[in-house]
Amino acid sequence: MKAIILAGGEGTRLRPISENIPKPMVELQDRPLISHIFELLSRNAVRDACVTLKYLPQVVEEYVSAAETYGLNVELRTEHEPLGTAGSVKACADFVSDGDFLVISGDCVCDFDLSELLAFHRENSADVTLALYVHAEPLEYGLVVTNAHGRVERFVEKPAWEDVLTDRASTGVYIISPRVLEEIPSGKPYDFARDLLPKLLRDGAAIYALEMRGYWRDVGSPEAYLNCCTDIIGGKTKLAIGALEVTSGIWSLSEIPRGVTLTPPVYIGRDVKLERGADIANSVIGASSSVGANARICGSVILGASIGESAELDGAIVCRNANVGRGTKLCAGSVIGAETALGEYCVVTAGAKVWGNKRISGGVNIKGNVTEGDRVVEPSFTRRGVISGEVAAHISHELCFKLGVAAGRNTRVGIASCGGETARVAATLLAAGANAGGADVLNLDASLLSAARFAATEFSLPLTVFVRQSGELIDINFLGADGEHITHDDERKILSLVRECRVAPARLTGSASFALAVMDIYTAWVYRVSEIYATETKGASPTFSSFAQFSVAIDGGGAANRVLRSALRLAGVEITEHRAGVASFTVAEDGASASATDEDGRTVDGERLLLTAALTQLERGATILHITHDAPRAVEALAAKYNAEVVRNTGNNPLCRNAFWSRDGAALASLVITRMAATGEKLARLASRIPAFASNEREVAVSAGRGAVMRALRSAIEASDAPDGGLSFDTARGAVRIAPIRESAALRIRAESTNIEAAEEIALEIERRIKSIDSEVLRKTT
């Protein structure tokens, strides 16, 4: 069998370790990553390998021409234009000839028995066979769902936690039959995960996957790199360490002087200088490194760098020719780039990164990312499409500008803010960054998230950014062209672009313009909403002249409730004070939902009010009910009474413009109030005609890993994959949805039934089932 090694990656997420070198040439125990791949292939009787190159190809070429290739005949192919993973393989079609062949990434570390994978491939007459690896934190990988026989049923590409269905990740190691090459277009970018495999799955091709035994890790981030280095010396892999084991757990190619304390496992490379009092534990000290007197190094990797006297390193990585000053402290997850010099008694905080060729004076406390002198906090999405944090601590001016540059990859960007001067400044910096990134910016006079959502569609904006301030907290909302928060895939793209922060040439700087009176336009839309929907159904539009005899109370202040009041006054509805016998409505602060109190004083919560609005549409003749993905399952029961179809929005099925009322509190309330005004029917009577339902939500902490528990649940329960992530299924008494929680090691259960007691019983029953499965999975893994 022949092999194709994909070695064209830049390793942007691995920087600054991979700064100015191709990712496959990053050293692991003083050997490039690709060298370990050569050794793996040789052990598995592969004799011919073709290496595809793209980024700094000459570095790999020089290494291959001079270094040990373990008996492999190695051929090099350089891409001059990006072809993607599958496109790179297609370009090597003449090398493959007519037999099954292996594809493997040049920047992974594994010790798989590849003959086992090949036998499984041939046993199933597969077109493609994927090697899978169980991963407790699978978000950075493509996940693969299979049936009991290993045939692939679904791919979930680099999901958010709420979309995780399994812990089995694709390793990027494939056995491929040559007939598959015909499905890959020539000379254009084409990717395995994004293009080829989903196409083959849709076409019914025989795609299989096998969970492999052994070790695998994608060295895609500094954290993964550090773990890989310590895994090797910790005996978790079969990889050769390449040094003499001088005593149990201590491998050294250099002399170890008296007075040095080494606590296994430790690797010491060639020409390493250790001074008296140095204390090293569970670490890799690469060739040509030096460690000063009384320095303490634990769980760290030193790649040919100098560590000063009394320095302390805990879970740090120091790259080649860097210098760490006396008494300096490097905390867990910190990385010091090549050729960088840190002065004496600095503190590099947890997760901070100092890029290459920097000079840092003594006594400095370093946080975040130090690139060109700027210290920038690494952003993360705390929930779908939203970056949140405290002013200065998490949301800095520099970050706002870089987020704007990332947003500027779109042709047009809308920007709006509310809540305070800090939000206004953040929005201004975002707009400046978007201009610098090459986008035309439309500054929106929108002081509500719901108004920004409306503006995204009204002005056909590919991306809209809405900044909301509440005290010291800032939320930066990223909205797509449909006004919904962006997908997890778009989140990843933005974070990648933030790291690059590439501004456009001056001649391509974007323009700035202003959309004034957006709130007035939004209010007019809320006013028109009932008439718009009436024209799309079999019924007639309400008679607005009758509204003068109708009154309603609007409780609460804020912009959202002002919009609703204004819209109703335009329609001639009398707004009165809250009193007995009069229904009252309240729109949530962000404008996304609404609730009410009926004429008898009973609360109509947001979900029941949403169903009430849906009822008005069905009774006016709607045959298709478009609604948000997270609406209660009772919507289906309601629609069934009217022989109507329910269409929920998902990433592939955006909410149609004529159903925006289901995500807009003012429009939803206006729709219900319009119905009441036109027919004289009271809210109490209207709400009583929706199906009886109640819901219960609870969180269940899991110890075995969210992905592992979701995979076991999927096998144990007859559940379908919910379109918005997680699993959903019906029981005899109601409906259940289970999904991982993004911010904690737990699963969220939502149970619906006809009453709250039944919903709570269902949720409790599922909670017990999850805890039992969690314990069983944990027992098997330990």
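Colleague: Is leucine 56 buried, partly exposed or exposed in this model?

Modeller: The model is a predicted one. Leucine 56 has a relative accessible area of 25%, so it counts as partly exposed, since that class lies between 20% and 50%. Leucine 56 sits in the loop between strand S4 (48–53) and helix H2 (57–66).

Colleague: Which peptide bonds are cis?

Modeller: Most peptide bonds are trans. Proline 16 belongs to the loop between strand S1 (2–6) and strand S2 (27–28). Another cis bond runs from proline 264 to proline 265, where omega is near -5°; proline 265 is in strand S16 (residues 261–268).

Colleague: Let us turn to charged side chains. How many salt bridges does a search of the whole structure find?

Modeller: Side chains of opposite charge can pair when their charged atoms come close. The search finds 46 salt bridges. In one of them, the side chains of glutamate 162 and arginine 742 meet at 3.0 Å, N to O. This pair links distant parts of the chain, 580 residues apart. Glutamate 162 is in the loop between strand S10 (152–157) and strand S11 (168–176), and arginine 742 is in the loop between strand S51 (734–740) and strand S52 (746–753). Glutamate 162 and arginine 742 are buried.

Colleague: Which parts of the chain does the salt bridge between glutamate 484 and arginine 453 tie together?

Modeller: The closest N and O atoms of glutamate 484 and arginine 453 are 3.8 Å apart.

Colleague: How many disulfides does the structure hold?

Modeller: A disulfide is a covalent bond between the sulfur atoms of two cysteines. The structure holds 0 disulfides. For cysteine 228, the nearest cysteine sulfur is that of cysteine 229, 6.0 Å away. Cysteine 228 is buried, with a relative accessible area of 0%; cysteine 400 is buried as well, with a value of 2%.

Colleague: What surrounds serine 170?

Modeller: Serine 170 lies in strand S11 and is buried, with a relative accessible area of 15%. Leaving aside neighbours within four places in sequence, serine 170 is in contact with Leu130, Ala131, Leu132, Gly142, Val144 and Trp216. A polar atom of the serine 170 side chain lies 3.4 Å from the backbone nitrogen of glycine 172.

Colleague: Which residues have the most contacts inside the largest nonpolar core?

Modeller: In soluble globular proteins, nonpolar side chains tend to be buried together. The largest nonpolar core here has 89 residues, and those with the most contacts inside it are Leu41, Tyr225, Leu713 and Ile770. Not counting residues up to four places away in sequence, tyrosine 225 touches Leu14, Ile17, Val26, Glu27, Leu28, Val219, Val301, Leu303 and Ile317. A second, separate core has 72 residues, including Phe550, Leu638, Ala667 and Ala677.

Colleague: Where does Leu713 lie, and what covers the buried residues of that helix?

Modeller: Leu713 is in helix H18 (residues 706–716), where Arg706, Gly707, Ala708, Val709 and Met710 are also buried. The cover over the buried residues of H18 includes strand S50 (727–730), S51, S52 and helix H19 (756–781).

Colleague: Finally, how many helices and strands are there in the chain?

Modeller: The chain has 19 helices and 52 strands. Its radius of gyration is 30 Å, close to the 28 Å that the globule rule gives for 782 residues, so the chain is as compact as a globular protein of that length. Buried residues make up 55% of the 782 residues.

Key. Residues numbered from 1 in each chain as written. Predicted model: local features only at pLDDT ≥ 70, side-chain atom pairs only at ≥ 80, totals over all residues. Heavy atoms only, no water. Salt bridge = Lys/Arg side-chain N within 4 Å of Asp/Glu carboxyl O. Helix = DSSP H or I, 4+ residues; strand = E, 2+ residues; numbered from the N terminus. Buried < 20%, exposed > 50% of the residue type's maximum accessible area, 1.4 Å probe, protein only. Disulfide = S-S within 2.5 Å. Polar contact = N/O pair within 3.5 Å; in protein donor to acceptor, adjacent residues only side chain to side chain. Contact = heavy atoms within 4.5 Å. Core = buried A, V, L, I, M, F, W, Y, C linked by side-chain atoms within 4.5 Å. Rg over C-alpha atoms; globule rule 2.2 N^0.38 Å.
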